[in-house]
Amino acid sequence: QVQLVESGGGLVQAGGPLRLSCAASGRTFTFYAMGWFRQAPAKEREFVAAISWSGGSTYYADSVKGRFTISKDNAKATVYLQMDRLKPEDTAVYYCAATRVVFSSRWYGADGYDYWGQGTQVTVSS
């Protein structure tokens with residue numbers, strides 16, 4: 001059994017920070033990476049960030065690089081997405097995902113992930 005639960009979404013003004021959390025349970029020790037994706041209305045789900053299970057490697061979309069930071073706490077089995085200097089275009093439902101795919105090149109696409117959380121809404125006002 002695997003379950004991912006996101007939390008931390010909400011309404012924030014442009015320029016402000018927000019931190020999302022994703023708590024994992026089940027056979028998480030088999031995951032090679034955890035990722036964050038987002039999906040705005042009428043748009044496709046897009047890659048935001050990913051982190052290797054060891055935490056040694058991180059990956060970011062160009063649109064968020066320098067503003068967002070992905071991290072994880074193995075003791076709490078939780079992955080975080082620290083979002084700073086938020087922009088209105090960051091508004092979306094944010095999803096946590098996990099993958100057992102070993103090749104990092106697959107971690108940039110939604111089809112590379114095996115498990116997904118329910119999503120948490122992030123709304124950035126101007």
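Author: In this predicted model, the count of aromatic pairs comes to nine. Let's zoom in on one of them, phenylalanine 31 with tryptophan 53: the ring centres are 6.0 Å apart and the planes meet at 80°, which is over 60, so this pair is edge-to-face. Where do the two partners sit? Phenylalanine 31 is in the loop between strand E3 (18-26) and strand E4 (33-39), while tryptophan 53 is in the loop between strand E5 (46-52) and strand E6 (58-60), so the pair ties together parts that are 22 residues apart in sequence. As for cover, phenylalanine 31 has a relative accessible area of 3%, so it counts as buried. Tryptophan 53 comes out at 22%, so that one is partly exposed.

Now for a group of rings. Phe37, Phe47, Tyr59, Trp107, Tyr108, Tyr113 and Trp116 make up one aromatic cluster.

Last, have a look at the surface. Tyr32, Val102 and Phe103 form a nonpolar patch there, and together they have about 320 Å² of accessible area. Valine 102 is found in the loop between strand E9 (92-99) and strand E10 (115-116). Its relative accessibility is 43%, so valine 102 counts as partly exposed.

Definitions and conventions: Residues numbered from 1 in each chain as written. Predicted model: local features only at pLDDT ≥ 70, side-chain atom pairs only at ≥ 80, totals over all residues. Heavy atoms only, no water. Patch = residues over 30% accessible without salt bridge, like charges linked within 9 Å, V, L, I, M, F, W, Y side chains within 5 Å. Areas by Shrake-Rupley, 256 points an atom, 1.4 Å probe, with all protein chains shown as cover. Salt bridge = Lys/Arg side-chain N within 4 Å of Asp/Glu carboxyl O. Helix = DSSP H or I, 4+ residues; strand = E, 2+ residues; numbered from the N terminus. Buried < 20%, exposed > 50% of the residue type's maximum accessible area, 1.4 Å probe, protein only. Phe/Tyr/Trp six-rings, centres within 6.5 Å; stacked < 30°, edge-to-face > 60°.
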